[in-house]
Every structure is written in C-alpha cells, then in structure tokens.
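Please keep the sequence and the 3D view at hand while you read.

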Amino acid sequence: MASIKNLKKDINYVLGDVIEYALDVSILKNAPEKGDAIIDEAISTFDILVAKVNSKNVENKKAHFNAINAELEEKAKGLVEKINTL
C-alpha cells in the first residue's frame, strides 16, 4: 500500500461504486426499500473504515492498514452479493 491517502481514496471509490450499483439495481428491480438498506449499510461501512484509518493509536501501522484493506474487500464483496440477490 502506498499511502493513507490512497487507502482513503480506495474506500471512497469502492463503496461509492457499490452505492451506485445498489441504486441502479433497486431502480431496475423496483425495490427501493431493499436498495436503501444496502446503501445505508455501505455508508455505515464507509464511516467505520475511515474512522479506523484515522485512528492514531496503532502499534503496527502496516498491519493495521492491511487489515483495513482486507476488511474493505470483504465488506464490498458482501454488499455486492446482497445487491445481486435483489
């Protein structure tokens, strides 16, 4: 990982794409309530991950940021799977 700045950008872009995809699918499938729930989950995931990135009291920064990156991938996959089941 190159920098904290790039990690924040990755979080923003990935979850932004998930939100956009959820919105598109919910409109196409005519299921706005389910789409809104997934969007809310993506926003809360964004808030949690950014708070973890901004955390100042970490021992091993490299391991901490790698764990955040792995969590981002895991959460994004889960959200996309939920969207695909709409």
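**Exercise 1. How many salt bridges does the structure hold?**

Before counting, note what is being examined: this is a predicted model, in which local features need pLDDT of at least 70 and side-chain atom pairs count only at pLDDT 80 or more, while totals for chains, interfaces and linings use all residues. Residues are numbered from 1 along each chain as its sequence is written, and side-chain values use heavy atoms, with hydrogens and water left out.

Step 1. A salt bridge is a side-chain nitrogen of Lys or Arg within 4 Å of a carboxyl oxygen of Asp or Glu. Side chains of opposite charge can pair when their charged atoms come close.

Step 2. With that cut-off, the structure holds 2 salt bridges. In one of them the side chains of Lys82 and Glu41 meet, at 2.7 Å from N to O. This pair links distant parts of the chain, since Lys82 belongs to helix H3 and Glu41 to helix H2, 41 residues apart.

Step 3. Another salt bridge joins the side chains of Glu71 and Lys52, at 2.8 Å from N to O. Here too distant parts of the chain are linked, with Glu71 in helix H3 and Lys52 in helix H2, 19 residues apart.

Step 4. Lys82 is partly exposed at 38%, and Glu41 is partly exposed at 31%. Glu71, at 19%, counts as buried, whereas Lys52, at 31%, counts as partly exposed.

**Exercise 2. Describe the chain as a whole.**

Step 1. Helices (H or I, at least four residues) and strands (E, at least two) are DSSP runs, numbered from the N terminus. The chain has 3 helices and 0 strands, and its pattern along the sequence reads α-α-α.

Step 2. The C-alpha trace spans about 45 × 20 × 20 Å along its principal axes. Of the 86 residues in the chain, 28% are buried.

Step 3. A contact means heavy atoms within 4.5 Å. Among contacts between residues at least 6 apart in sequence, 72% join residues at least 24 apart.

**Exercise 3. At what angle do H1 and H2 pack, and which residues meet?**

Step 1. Two packed helices are described by the angle between their axes and the distance between the axes. Axes are lines fitted to C-alpha atoms, for helices over the stretch in contact, and angles run from 0 to 180 degrees between N-to-C directions.

Step 2. Helix H1 (residues 4-29) and H2 pack at about 175°, with their axes 9 Å apart. Angles under 35 degrees count as roughly parallel, over 145 as roughly antiparallel, 65 to 115 as roughly perpendicular and the rest as oblique. H1 and H2 are therefore roughly antiparallel to each other.

Step 3. Among the residues that meet are Ile11, Leu15 and Ser26 in H1 and Pro32, Gly35 and Phe46 in H2. The residues of this contact divide into 16 nonpolar, 5 polar and 1 charged, where Ala, Val, Leu, Ile, Met, Phe, Trp, Tyr, Cys and Pro count as nonpolar, Asp, Glu, Lys and Arg as charged, and the others, Gly among them, as polar.

Step 4. Ser26 is buried, with a relative accessible area of 5%. Leaving out residues up to four places away in sequence, Ser26 touches Ala31, Pro32, Gly35 and Leu86.

**Exercise 4. How do the axes of H2 and H3 cross?**

Step 1. The axes of H2 (residues 32-54) and H3 (residues 61-84) come within 11 Å and cross at roughly 180°. H2 and H3 are therefore roughly antiparallel to each other.

Step 2. The contact includes Glu41, Leu49 and Lys52 of H2 and Glu71, Leu79 and Lys82 of H3. Its residues divide into 9 nonpolar, 2 polar and 5 charged.

**Exercise 5. Where is Asn30 found, and is Asn30 buried or exposed?**

Step 1. Asn30 sits in the loop between H1 and H2, and, with a relative accessible area of 68%, Asn30 is exposed.

Step 2. Most residues other than glycine have a negative phi, and most peptide bonds are trans. The phi of Asn30, however, is near 60°, a positive value in a residue other than glycine.

Notes:
Buried means under 20% relative accessible area, exposed over 50%, partly exposed in between (1.4 Å probe, protein chains only).
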